[in-house]
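This report describes selected local features of one protein model.

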Amino acid sequence: MAARLDEKLELIYEDVLHRNPGENEFHQAVHEVLETLGPVLVKYPEFAEKKIIQRICEPERQIIFRVPWQDDNGEIHINRAFRVEFNSALGPYKGGMRFHPSVYLGIIKFLGFEQIFKNALTGLPIGGGKGGSDFDPKGRSDDEIMRFCQSLMTELYRHIGEYTDVPAGDIGVGKREIGYLFGQYKRITNRYESSVLTGKGLDWGGSRARTEATGYGTVFFTQEMLKARGDSMDGKKVVVSGSGNVAIYAIAKAHELGATVIACSDSSGIIVDEKGIDLAALKQIKEVERRRISAYTEFHKDAKYVEGGSIWSIPCDIALPCATQNELNANDAKTLVENGCIAVAEGANMPTTPEGIAIFQEAKLMYGPGKAANAGGVATSALEMQQNASRDSWSFDYTQKRLEDIMIDIHKSCFETSAEFGAEGNYVLGANITGFIKVARAMEAMGVI
């Protein structure tokens, strides 16, 4: 069960439920933030007087539109697309575009709401937003994806801009899709506005560490949690859910810091390789051949594939959920704790259910929520915007060092805030309160808008 809210916050939450029916993921994200804000309203009663929380919970703008496109056989399809511009108190809206059949308004609002606080934690001047479509790129040709992206941007272009709203990639949206979207934006506007989209190719304005950033950042944050308890990644056994971009580069950085990642997964099942996941084989399967994770056993006969298995049942020291929302439930959390797991850091957005989080916190396990642990992706997107604005190009090492410094600062802020509010080491409370206060102060300064 989720924690009870104090009376004032319960009334705010009930209003959110009333105004946003059926949007379960959004409700969950709001509740998770509200349950930590009671002490903030005691210390800063002016935030309650000025209804800062109510204003943060209501997006500044919600855009919904149809995307008609034609497949290679000439058949016409109609998808629905969204852009939720949630909060611009700290800067232009910033957040990815997700292409997946599960996308609906509630998911985009949950992601956009999380993005407000995540972006605030980076210390960079970016607000919170998110977008996407229920379009499924799987099995579609490059030409079909191009036509879809061009149709989507034909509407979206009027709502975005480097000083207004800067989309990026997310699930189902990589460099290919960003390229098609940017090409159409450039064609319509007659402007080479590089920083209108991030996640671009290196040859035309992209950041040299953006692909790796979310996975790397999650591991940097994990390392900082361990350091706070006098420990390190060295020699630890790690499991990573997923096998996409975030998971692959979390595996890479974990190996680099001396850990051994023994398992990863996709929607069909899990691979267990006690010698350590072979990153080259995984990249070949997922990034080149675009096959299921079961193909890993063709490269390593001694690895084990478990169809439909739970990766959280594998004993480990560190668990990194890097796949999707609500993938780790109470039973999974209990299993991880019983098997001796000492740290969980979220590479995905809200992958742990409220019941799972409660179990981790009760066990005093180190738990890094997504809005802190996976903020490296959006931080590096903001660095890409800086490069574009200055017409510059940074080296991989320089960008990675900036990313590492940002993740260290995020951990420090969250840890210090948790201690200030009487819950040292509670990174959920620390992340929520740190991000909230930054946004709240900016909103207060700008008046009732």
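## A buried alanine

A440 has a relative accessible area of 0% and is therefore buried (under 20% relative accessible area; over 50% is exposed and in between is partly exposed, with a 1.4 Å probe and protein chains only). A440 belongs to helix α18, residues 427-446; helices (H or I, at least four residues) and strands (E, at least two) are DSSP runs numbered from the N terminus. Leaving aside neighbours within four places in sequence, A440 is in contact with F47 and I52, where contact means heavy atoms within 4.5 Å. R402 is 38 residues from A440 along the chain, and their C-alpha atoms are separated by 26 Å.

## Basis of the model

The model is predicted: local features need pLDDT of at least 70 and side-chain atom pairs count only at pLDDT 80 or more, while totals for chains, interfaces and linings use all residues. Residues are numbered from 1 along each chain as its sequence is written, and side-chain values use heavy atoms, with hydrogens and water left out.

## Aromatic pairs

A pair of aromatic rings is described by the distance of the centres and the angle of the planes. The structure holds 19 aromatic pairs, counted for rings of Phe, Tyr and Trp (its six-membered ring) with centres within 6.5 Å; planes under 30 degrees apart are stacked, over 60 edge-to-face and the rest tilted. One of them joins F113 and F117 edge-to-face, with 5.1 Å centre to centre and 75 degrees between the planes. Both residues lie in helix α6 (residues 105-121), four residues apart, which is about one turn of the helix. F113 is buried at a relative accessible area of 1%, and F117 is buried at 1%. Ring pairs also link F26, F86, F113 and F117 into a cluster.

F135 and F148 form a stacked pair, 3.9 Å centre to centre with 10 degrees between the planes. F135 lies in the loop between β4 (127-133) and α7 (142-156) and F148 lies in helix α7, so this pair ties together parts that are 13 residues apart in sequence. F135 is buried, with a relative accessible area of 1%, and F148 is buried at 0%.

## A lysine over a ring

K253 lies over the face of Y216, 4.4 Å from the ring centre. The criterion is NZ of Lys or CZ of Arg within 6 Å of the ring centre and within 35 degrees of the ring normal.

## Packing of α10 and α11

Helix α10 (residues 245-256) and helix α11 (residues 279-288) pack at about 170 degrees, with axes 11 Å apart. Axes are lines fitted to C-alpha atoms, for helices over the stretch in contact, and angles run from 0 to 180 degrees between N-to-C directions. The two helices are therefore roughly antiparallel (angles over 145 degrees; under 35 is roughly parallel, 65 to 115 roughly perpendicular and the rest oblique).

From α10, the contact uses I248, Y249, I251 and A252, and from α11 it uses L279, L282, K283, K286 and E287. By class, the contact has six nonpolar, no polar and three charged residues. Ala, Val, Leu, Ile, Met, Phe, Trp, Tyr, Cys and Pro count as nonpolar, Asp, Glu, Lys and Arg as charged, and the others, Gly among them, as polar.

## Asparagines with positive phi

N190, a residue other than glycine, has a positive phi near 60 degrees. N190 sits in the loop between α8 (175-189) and α9 (210-228) and counts as exposed at 72% relative accessibility.

N326 is not a glycine either, and its phi is positive at about 55 degrees. N326 is in the loop between β10 (318-321) and α13 (330-338) and counts as partly exposed at 31% relative accessibility.
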